[in-house]
Amino acid sequence: MSIDRSYQASFNENNQEFVIAGKLRPQSEDEMRPLAEALTNSLAQVRGTFYLNVKRLARLNNVAFRAITNLVSQVCDTRPELKIEVVTSSVMGWSTRKFLPLAERLPNVTVNEYDNDFYPGQSFLEEGGFIPILRNQTKLTWRHERHLLPRHGLKPGMTVADICCGIGDFAVLVQKELKPSHILALDHSRTSLDYARKVAAEFGITDIEYVYGDASEMVIEDNQFDFVTCRHSLQIFDRPELILKELYRICKPGGRVYITNEKNSHCLGEPRGESIQWTYTEVAKLFADFKMDVELGPKSRRYLADAGFEDILVDSFMVTNGDGDPQDFANMIQAWENVFAGEMARDRGDSPEFIARFRQGFQDQIYAALHPKGYAGWPIWAASARKPT
Amino acid sequence: MRGTKPLVEISMGIEAFASEWLHCDRISSYLARMVSHNRTDSLLYANLLSSALNELLETAFAHHGPEGNFSCRVSRLGDSDVIELDLPCDDMTLAFYRDAAQRLTQPDLAGIYHSALFSPGKPDPHLGLLEVAVDYRARIAIVAEKGNRLKLAAELTLEGAAA
């Protein structure tokens with residue numbers, strides 16, 4: 001008989017959290033003994049609230065479920081003062097429904113589906129209001145990236161994953177122009193995915209799978225893709241190294257991971273350069289207050305090296321008002337102002353005076369972009385690296 | 001089943017299937033991934049389908065006749081997928097599945113399932129079927145066929161649940 005030990009279990013004493021991830025489909029309760037012992041030992045160490053985190057438990061059969069819940073029931077009987085919170089995720093589809101009856105039976109057990117807490121500060125960027133920004137940005141960056149992507153190793157016929165795909169327009173452009181065999185596009189925003197599926201259907205595109213998921217803990221098997229992209233996203237997660245670890249994991253050995261990020265304080269424009277520079281320096285600080293590093297671009301080499309990649313290639317390009325219609329650039333800046341000054345600064349509690357000056361920098365960049373002799377720019381760092389064979 | 005479009009089928013001797021527990025997990029994971037690629041959210045759909053299919057396979061693993069062919073087929077019927085397990089059966093197996101079919105027609109199936117799920121001692125042998133019927137809202141049909149064969153069909157509509 002083979003025992004498939006494809007689960008991971010760990011206990012974090014500081015959080016009083018026991019995490020089970022992977023797959024638990026044993027044939028007999030005996031196979032559950034190591035996990036049951038670890039869970040028992042962990043329960044013995046805690047007071048107050050114990051968190052049983054099954055957010056990344058992809059598969060669970062009834063043998064395992066009963067072993068876990070029997071143990072939880074016993075603890076509830078002997079320690080009525082202990083609260084047990086089971087943390088599930090809608091990414092898996094089944095787990096909340098499976099564990100909820102446990103909470104109905106045991107008064108000290110609660111079941112909570114925690115999907116909105118994946119990333120602090122993300123709500124600004126995941127709601128529908130951000131869609132126009134994303135659409136405009138992709139339109140502007142594609143002029144550059146369509147030439148850069150082949151240089152970074154993307155070839156026709158490859159299998160591609162676009163992680164943090166947003167509204168999916170980048171995946172559509174890649175599919176149409178660079179002809180990979182298949183694209184899996186993943187994002188954590190249902191609003192964005194709904195939009196992406198609608199756009200793909202309108203264009204009759206069937207070679208892109210749009211899936212819901214958490215980029216830092218994906219339900220995708222190892223070594224699946226020749227080319228993995230993750231654009232403008234590491235910079236808006238508080239722990240980018242977790243995402244990179246996942247990008248590395250799903251990439252085939254010898255395949256490449258391609259990331260793009262900004263250094264927002266380097267956005268520029270002339271005339272009115274000083275005001276523009278002040279505002280974008282403040283943008284970087286604002287994002288930092290929401291645990292996002294929009295200065296990450298030039299740090300790409302370090303992040304890729306630390307994640308274990310080799311053959312690192314770093315490019316940078318400047319999206320400018322000269323890339324096609326200057327109004328497109330101006331529209332993007334206006335959308336940024338609406339979110340950064342209109343929502344984020346307000347939510348941080350900034351004064352009206354600060355917000356007025358903050359807004360002025362965006363308006364000055366729009367002025368520069370639309371000025372017949374003006375220049376406005378948004379710098380991007382595009383980096384890729386190979387997963388060792 | 002009428003009107004369905006066959007998508008994929010795995011067939012092997014029942015002895016081979018029942019020789020290794022991991023077959024349940026491997027077959028359910030593989031078939032679910034294969035048939036889910038063109039669903040709205042392929043990964044979520046595959047995860048749900050694999051969970052339901054695994055319960056059916058684990059039931060067949062534990063309850064089947066001694067010899068003959070075993071097959072697992074997935075067919076499509078619009079938003080639904082139909083899983084059909086075709087397995088050899090003897091008198092004891094037949095009685096087991098007849099009992100199951102009878103229980104699945106009971107009112108308050110959710111109550112029966114939850115009682116079974118949390119019952120002390122040995123697990124209820126119908127637990128997997130009850131789960132598929134309740135948690136996955138499957139329509140389950142169990143039919144004895146000629147030549148000591150039995151067909152278990154589960155129609156699952158997961159598309160809405162997975163979107």
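How many residues of chain B are in contact with chain A? In this predicted model, 25 residues of chain B are in contact with 24 residues of chain A. On the side of chain B that touches chain A, the elements giving two or more residues are helix 2 (22-36), helix 3 (42-62), helix 5 (109-117) and helix 6 (127-134) of chain B. Helix 3 of chain B provides the largest share, 9 residues.

Chain A contains 12 helices and 14 strands. Its radius of gyration is 24 Å, which agrees with the value near 21 Å that a compact globule of 389 residues would have. The C-alpha trace of chain A spans about 75 × 50 × 40 Å along its principal axes. Of the 389 residues in chain A, 47% are buried. Among contacts in chain A with a separation of 6 or more, 76% join residues 24 or more positions apart.

Helix 7 of chain A (residues 190-202) was examined in detail. Its 13 residues should span 18 Å at 1.5 Å a residue, and the end C-alpha atoms are 18 Å apart, in agreement. The buried residues of this helix are Ser192(A), Leu193(A), Tyr195(A), Ala196(A) and Ala200(A). Because they cover an arc of only 160 degrees around the axis, they lie on the same side of helix 7 of chain A. These buried residues pack against helix 5 (131-151), helix 6 (169-178), strand 8 (182-187) and strand 9 (208-212) of chain A. On the other side of the helix, Lys198(A), Ala201(A) and Glu202(A) are exposed. Helix 7 of chain A is followed by Gly204(A), which has a positive phi near 65 degrees.

Conventions
Residues numbered from 1 in each chain as written. Chains lettered and ligands numbered in written order. Predicted model: local features only at pLDDT ≥ 70, side-chain atom pairs only at ≥ 80, totals over all residues. Contact = placed C-beta atoms within 7 Å. Helix = DSSP H or I, 4+ residues; strand = E, 2+ residues; numbered from the N terminus. Rg over C-alpha atoms; globule rule 2.2 N^0.38 Å. Buried ≥ 20, exposed ≤ 12 C-beta atoms within 10 Å, placed from the backbone. Expected span 1.5 Å × (residues − 1). Arc of directions from axis to C-beta.
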